[in-house]
Amino acid sequence: MRIVSLLPSATEIVFALGLGDDLLGVSFECDFPPAARGLPSVSGTALGAALTPAEIDAEVTASVQAGASLYTLDSALIRELAPDLIVAQDLCHVCAVPAGAVDAALDVIGCRAKVLSLDPHTLDEVVACVGEVGAATGTTARAAVVMDELRERIDVVCRRVAPRARPRVLVLEWSDPPFSAGHWVPEMVVAAGGEPVLAHAGARSRPLDWRSIEAAEADAVVFMPCGFGLADAVDQAGALLGRSELCGVERFFAVDGNAYFSRPGPRVVDGVELLGELLHPTSGDPTAGGRRLR
């Protein structure tokens with residue numbers, strides 16, 4: 001099967017199913033596993049470079065209001081690759097090329113590829129995406145094994161933290177303006193032994209006001225800026241640490257949102273394990289994916 005992935009999470013799933021050799025093209029954001037970086041990129045972004053969080057939010061808002069796409073497709077390259085399967089999403093038009101736009105582009109270029117849209121909202125649905133890709137690629141047996149392993153790892157964390165007191169955890173996926181992290185992230189917090197505040201499992205991420213953030217009286221803040229790694233999260237966290245509304249928060253963490261939280265793929269389970277160590281540490285240095293800043 002000839003596969004093109006327009007999602008970093010889907011690319012990780014394809015490799016987890018042992019289909020790396022069948023993957024012919026990826027999105028410009030697909031950087032894991034390292035082998036994905038050497039594949040042709042069939043999509044790009046219309047966002048400018050080196051923007052602040054506020055500037056990125058302004059550009060995204062303007063594009064959405066204008067009905068413009070934040071992403072581009074290389075139609076000529078897709079035609080050349082002639083995929084049988086393209087994996088896309090309709091969950092968030094800000095995160096990747098929507099499946100509907102892919103269908104429209106395929107009609108224009110005359111490509112007959114099947115488009116599989118992965119749109120999870122909950123933690124279990126993230127794991128189930130492995131099964132969806134397995135069903136579409138004839139690797140259902142391998143997918144079942146991968147899903148069982150992921151669910152068992154989550155259960156291990158849940159059992160370890162079950163006796164512990166649950167801190168009130170505010171997860172921010174953007175700093176300016178502040179956004180709560182929704183979808184599967186609140187369930188990740190629960191699995192890791194925390195009580196999510198200002199967020200609801202399965203619901204979309206949403207903007208917050210600073211008055212509500214202060215009133216939430218969180219015990220811990222986890223900052224995971226969408227689309228950024230740990231170094232950028234630490235850098236951007238400086239502006240949040242100086243907010244008076246967060247001065248009473250005892251613990252403040254920055255984590256690699258790109259790798260372990262924003263992308264609904266297998267490494268979300270790594271994110272559950274990371275949160276479990278941050279909230280209920282068993283060692284002095286939990287992992288390389290997160291850092292305590294307060």
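Is Gly-134 buried or exposed? I checked this first, keeping in mind that I am working with a predicted model. Gly-134 is buried, and its relative accessible area is 0%.

**Entry 1: around Gly-134**

I placed Gly-134 in helix α5, which covers residues 123–137. Next I listed its neighbours, skipping residues up to four places away in sequence: Gly-134 touches Leu-17, Thr-139, Thr-140 and Ala-143.

**Entry 2: α5 against α6**

How do the axes of α5 and α6 cross? I found an angle of roughly 165°, with the axes coming within 8 Å, where α6 is the helix of residues 140–161. The cut-off for roughly antiparallel is over 145 degrees, so α5 counts as roughly antiparallel to α6. The crossing of these two helices, α5 and α6, is right-handed.

I then wrote down who makes the contact. From α5 come Leu-123, Asp-124, Val-127, Ala-128, Val-130, Gly-131, Gly-134 and Ala-135. From α6 come Thr-140, Ala-143, Val-146, Met-147, Leu-150, Arg-151 and Ile-154. Sorted by class, the α5 and α6 contact holds 10 nonpolar, three polar and two charged residues.

**Entry 3: α6 against α11**

I stayed with α6 and turned to helix α11, residues 268–279. Their axes lie 9 Å apart and the packing angle is about 10°. That angle makes α6 roughly parallel to α11. The crossing of α6 with α11 is left-handed.

On the α6 side I noted Leu-150, Arg-153, Ile-154, Val-157 and Arg-160. On the α11 side I noted Val-269, Asp-270, Val-272, Glu-273, Gly-276 and Glu-277. By class, the contact of α6 with α11 has five nonpolar, one polar and five charged residues.

**Entry 4: α1 and its cover**

How many residues of α1 are buried? I get seven of the nine in this helix, which runs over residues 8–16, so I logged α1 as mostly covered. The buried ones are Pro-8, Ser-9, Ala-10, Thr-11, Glu-12, Ile-13 and Val-14. What covers them includes α5 along with β1 (3–5), β2 (23–25) and β5 (85–88). After α1 comes Gly-18, and I noted its positive phi, near 75°.

**Entry 5: the nonpolar cores**

Which residues have the most contacts inside the largest nonpolar core? They are Leu-17, Leu-118, Val-130, Val-171, Met-188, Val-222 and Met-224, in a core of 50 residues. Another core lies apart from it, with 15 residues, including Val-197, Trp-210, Ile-213 and Val-249. As a general reminder to myself, nonpolar side chains tend to be buried together in soluble globular proteins.

Leaving out residues up to four places away in sequence, Met-188 touches Leu-123, Tyr-260, Phe-261, Val-268, Gly-271, Val-272 and Leu-275.

**Entry 6: Gln-236**

My last stop was Gln-236, which sits in helix α9 (residues 230–241). Is Gln-236 buried or exposed? Its relative accessibility is 12%, and buried means under 20%, so Gln-236 counts as buried. Beyond residues up to four places away in sequence, Gln-236 touches Pro-53, Ser-175, Phe-223, Pro-225 and Phe-228.

Definitions and conventions:
Residues are numbered from 1 along each chain as its sequence is written. This is a predicted model: local features need pLDDT of at least 70, side-chain atom pairs count only at pLDDT 80 or more; totals for chains, interfaces and linings use all residues. Side-chain values use heavy atoms; hydrogens and water are left out. A nonpolar core is a set of buried Ala, Val, Leu, Ile, Met, Phe, Trp, Tyr and Cys residues joined through side-chain atoms within 4.5 Å. Buried means under 20% relative accessible area, exposed over 50%, partly exposed in between (1.4 Å probe, protein chains only). Contact means heavy atoms within 4.5 Å. Helices (H or I, at least four residues) and strands (E, at least two) are DSSP runs, numbered from the N terminus. Axes are lines fitted to C-alpha atoms, for helices over the stretch in contact, and angles run from 0 to 180 degrees between N-to-C directions. Angles under 35 degrees count as roughly parallel, over 145 as roughly antiparallel, 65 to 115 as roughly perpendicular and the rest as oblique. A crossing is left-handed if the near helix is turned anticlockwise from the far one by less than a right angle, and right-handed if clockwise. Ala, Val, Leu, Ile, Met, Phe, Trp, Tyr, Cys and Pro count as nonpolar, Asp, Glu, Lys and Arg as charged, and the others, Gly among them, as polar.
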